[in-house]
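Visitor: I am new to protein models. Could you show me how to read one, feature by feature?

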Amino acid sequence: MTPRERVMAALAGQPVDRPPVSFWGHFYHLESSAADLVRATRESWQRHAWDWIKLNPRKHYHVEPWGVRYVYTSVPGEKPMLTDWPIHEGADWAAIGRQPLDRPAFAEQLEAVRLLRAAVPGEVPIIQTVFTPLAILGEMVETPQQLRAHMDSHGGLVRGALAAVTDSFVPFVRALLEAGADGIYFATVDWASRDLMSPDDYRAWARPTDLALIEAARGAAFNVLHVCKRRNLLFELADYPVQAFSWAATDATNPSLADGLARLGRAVMGGITQDGALQQGDASAALAELDDARHQTHGRHWLVAPGCSIPPGTPEGNLAAIRDAVERLAPATERSPQPG
C-alpha cells in the first residue's frame, strides 16, 4: 500500500498491510520562516519515511496577529520565551478583533503548506495544526487561569473575542486546504481537561466555535481532533465530525485506545508516551507500549503516533526502533473491537 492508501484505509477501519505511523515535534530554532520549517520537517520525514506528515508550526503563530511575541534563541531544543501579550485585564478583550488572511503569521503558515506539498510526494498526506478558538484566547494571557477568571468577570467581552478569533480562522482553515493540506489537526491544548473546565463549561464556551472551524474543514479526508492533557473530555467530544481522535491514551486518567475504539466509532491515533517511554535510554519501553496498543486495537482503525508532540532531543534510535517494529507488524487477522 502507498502511505495515502494505508492512512485512508486505517481511517475507514479497513484492512491494512501494517498500521500507518508518524511522529512530530517542534524545531524551535528553525520555526521562524516557512522555508526553514519545511526543510526541517521534510528531513524528519525522509529520515523515518513517516506515512503522513503533521506540520508542527511555530508555537505561537496563531496569536501573533493579536500581538503575542516570543523571543527565540539559536539553541536547538530551547523553548522561546514569552515577552508580550495583549490581555492584562478583563477590559482588554474588547480590543480583540478579526484579523485578515494577509497577516504575516497566517501568510507564512499557508506558504509552509504550499512548500511542503511541493516538496514531498502526493502519496504522503499532510495535516496542519489549528488550535481551538478558546485555546487561542488562552495564549493571549500570561496564564490560562487569567482567561478562566475573565470568563466569569467579563464574559461578554470574552465571547466577543471568541467570535473574532473564529471569524479569523474559518477562512484560514479553508485556505490551508486550498494550499494543499489534507486536513487539520485540531488541538484543544489545556481546555478540554477537567483540570481546567467541566464538561458543561466546555460545552457552553468552546463547542460552538470548535464546530465552526471543523465545519470549515468539511470535505477534507484527514481531520483529527487532538484532545490534550490528562483527565480529558474525549468522550464529551465524541460526536465532533472528524476522521480520527488523538489523545494521551497511555495516561491512566484518560481513556485507553480500546476504550476509544469501543465508544468513538472512528479511528484512534496514539499509543506511545511522548515524554515517558520514548525518552528512555533504549527503545524497550516504547516498543512495549507499541505492542500493547497493537493488542488493544488489533491493528485496525489505529494510527501509530505519540500522545502529543515529541520533545526536541527525543532519541532518534527510539524513533527508528518504533518505525522498524511497525514495518514488521503482520496484517491484522483478529476482529476489531466494535463501537458500542
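Guide: Gladly, and let us begin with burial. A residue is called buried under 20% relative accessible area, exposed over 50%, and partly exposed in between, using a 1.4 Å probe and protein chains only. Here, buried residues make up 56% of the 340 residues in the protein.

Visitor: What should I know about the model before reading on?

Guide: This is a predicted model, so to speak of local features we need pLDDT of at least 70, while side-chain atom pairs count only at pLDDT 80 or more, and totals for chains, interfaces and linings use all residues. Residues are numbered from 1 along each chain as its sequence is written, and side-chain values use heavy atoms, with hydrogens and water left out.

Visitor: How many helices and strands are there in the protein?

Guide: Helices (H or I, at least four residues) and strands (E, at least two) are DSSP runs, numbered from the N terminus. The protein has eleven helices and nine strands. Its radius of gyration is 19 Å, close to the 20 Å that the globule rule gives for 340 residues, so the protein is as compact as a globular protein of that length. That radius is taken over C-alpha atoms, and the rule is 2.2 Å times the number of residues to the power 0.38.

Visitor: What share of the contacts join residues at least 24 apart?

Guide: Contact means heavy atoms within 4.5 Å. Among contacts between residues at least 6 apart in sequence, 75% join residues at least 24 apart.

Visitor: Which span should helix α10 have?

Guide: The expected span of a helix is 1.5 Å times one less than its number of residues. For the 14 residues of α10 (residues 284-297) that should give 20 Å, and the end C-alpha atoms are 20 Å apart, which agrees.

Visitor: Which residues of α10 are buried, and what covers them?

Guide: The buried ones are A285, A286, E289, L290, A293, R294 and T297. Their cover includes the helices α9 (257-264) and α11 (316-327), along with the strands β8 (267-272) and β9 (302-306).

Visitor: Where is R323, and is it buried or exposed?

Guide: R323 lies in helix α11. With a relative accessible area of 10%, R323 is buried. Leaving aside residues up to four places away in sequence, R323 touches R18, V21, H48, A49 and W50.

Visitor: What does V224 touch?

Guide: V224 is in strand β6 and is buried, with a relative accessible area of 0%. Not counting residues up to four places away in sequence, V224 touches I127, I184, Y185, F186, V242, A244, S246 and M269. Take I184: 40 residues from V224 along the chain, yet their C-alpha atoms are separated by 6.2 Å.
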